[in-house]
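Please find below a colleague's note for a reader who is meeting this structure for the first time. The points are numbered so that each can be checked against the model in turn.

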Amino acid sequence: METARVLVAADKFKGSLTAVQVAERVTAGLRRVVPDVRVETLPVADGGDGTVAAAVAAGFERREARVTGPLGDPVTAAYALRGSTAVVEMAEASGLQHLPDGVFAPLTATTYGSGELLAAALDAGATTIVFGVGGSATTDGGAGMLAALGARFLDADGKPVGPGGGGLAELAEADLSGLDPRLKDVDLVLASDVDNPLTGPKGAPEVYGRQKGASEEDIAVLDAALAHYASILGPDTAALPGAGAAGGIGYGALVALGARFRPGIDVMLDVLGFAPALARATLVVTGEGSLDEQTLHGKAPAGVAAAARAAGVEVVAVCGRLALSPEALTGAGIARAYALADLEPDPAVSMAQAGPLLERAAESIARDFLLS
């Protein structure tokens with residue numbers, strides 16, 4: 001009988017395990033039951049937080065830069081580089097992880113550091129930049145990012161507007177003539193798992209503002225300010241798919257930097273070399289912390305399962321919590337899901353013991369799919 005070849009291509013379990021740790025634990029569990037199983041690991045991400053880590057795990061070089069955090073303080077941000085391709089994760093510079101506990105700045109948080117991080121990738125010689133967006137602390141339409149790259153946003157007195165989305169209410173002139181000329185020769189790919197427009201009922205402030213500390217009044221202020229910003233940068237541009245990603249940084253990238261929008265998991269599977277790894281596999285294990293309705297809309301496990309199904313390779317999933325029916329799993333191309341909650345129903349204990357529990361789940365996968 002031919003030795004099974006398993007590809008572990010899972011995202012992180014947010015709050016408990018990184019994607020690399022998930023792969024290590026699944027591998028350990030599989031080998032406890034089938035010691036000679038051949039396992040290849042390819043940690044994946046969908047463009048949000050963890051994207052740089054996935055690229056580094058796939059062989060990219062980790063680089064760091066000191067940039068401006070969302071509150072204006074300096075932070076250390078990482079990006080990944082291989083040859084002339086860079087993977088830049090906006091959350092590294094402008095993400096919620098840079099906010100102190102309980103501190104939010106919905107009206108003034110800036111993406112300036114994300115622009116500085118893109119500039120660092122340009123300085124390193126990148127001509128293709130995968131720009132993963134998600135997990136932002138900001139709702140400034142990417143104005144801060146553009147300012148860091150040379151744009152000027154001025155009020156009626158010719159002075160720079162204040163930081164964040166709130167400052168855009170005073171915008172009178174947007175001067176993009178000073179944008180870094182190297183951007184014209186770069187293939188900038190906006191990698192996101194959301195296709196929201198910039199403003200309106202499905203826009204960045206309304207859908208994502210509350211998780212960044214915005215009150216209902218703040219949301220109304222931000223939505224109006226971003227609509228005003230878009231009216232100055234270009235008529236009818238606010239409705240572009242992906243414009244609302246990460247507090248509207250997608251808008252700035254699409255409209256001012258000429259980025260092209262692609263679903264984050266599709267981009268990352270290409271960049272990470274998923275197709276050749278899949279060609280070597282007889283079984284794929286994917287997963288993330290919570291398999292739920294959101295998973296089906298552009299999250300990493302759905303992208304992995306779709307690609308594997310197209311190649312005729314069976315897929316199973318691991319997760320902390322399962323909120324999808326067997327029918328939904330089958331529809332997504334996942335044969336079965338193994339949830340840590342089935343082994344340990346207490347969520348706090350499950351998260352604290354995620355590693356050992358995941359090894360037990362992988363043992364079950366080995367018994368069900370590698371010994372049968």
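**Notes on the model**

1. Helix α8 (residues 216-233) and helix α9 (residues 245-256) have axes that come within 12 Å and cross at roughly 5°, which makes α8 roughly parallel to α9. Here axes are lines fitted to C-alpha atoms, for helices over the stretch in contact, with angles running from 0 to 180 degrees between N-to-C directions; angles under 35 degrees count as roughly parallel, over 145 as roughly antiparallel, 65 to 115 as roughly perpendicular and the rest as oblique. Tyr229, Ala230 and Leu233 in α8 meet Tyr251, Gly252 and Val255 in α9, where contact means heavy atoms within 4.5 Å. By class, this contact of α8 with α9 has 5 nonpolar, 1 polar and no charged residues, with Ala, Val, Leu, Ile, Met, Phe, Trp, Tyr, Cys and Pro counted as nonpolar, Asp, Glu, Lys and Arg as charged, and the others, Gly among them, as polar.

2. This is a predicted model, in which local features need pLDDT of at least 70 and side-chain atom pairs count only at pLDDT 80 or more, while totals for chains, interfaces and linings use all residues. Residues are numbered from 1 along each chain as its sequence is written, and side-chain values use heavy atoms, with hydrogens and water left out.

3. The protein contains 16 helices and 13 strands, taken as DSSP runs numbered from the N terminus (helices H or I, at least four residues; strands E, at least two). Buried residues make up 54% of its 372 residues, buried meaning under 20% relative accessible area, exposed over 50% and partly exposed in between, with a 1.4 Å probe and protein chains only.

4. Strand β9 (residues 187-192) is mostly covered, since 5 of its 6 residues are buried. Strand β6 (residues 128-132) pairs with β9 in the parallel sense over 5 bridges, and strand β10 (residues 260-263), also running parallel to β9, is joined to β9 by 4 bridges; two strands pair if DSSP finds at least two bridges between them. Alanine 191 in β9 is the bridge partner of glycine 132, and alanine 191 also stands opposite arginine 262 in β10.

5. Proline 301 lies in helix α12 (residues 300-310) and is buried, with a relative accessible area of 0%. Leaving aside residues up to four places away in sequence, proline 301 touches Thr286, Gly287, Glu288, Leu291 and Thr295.
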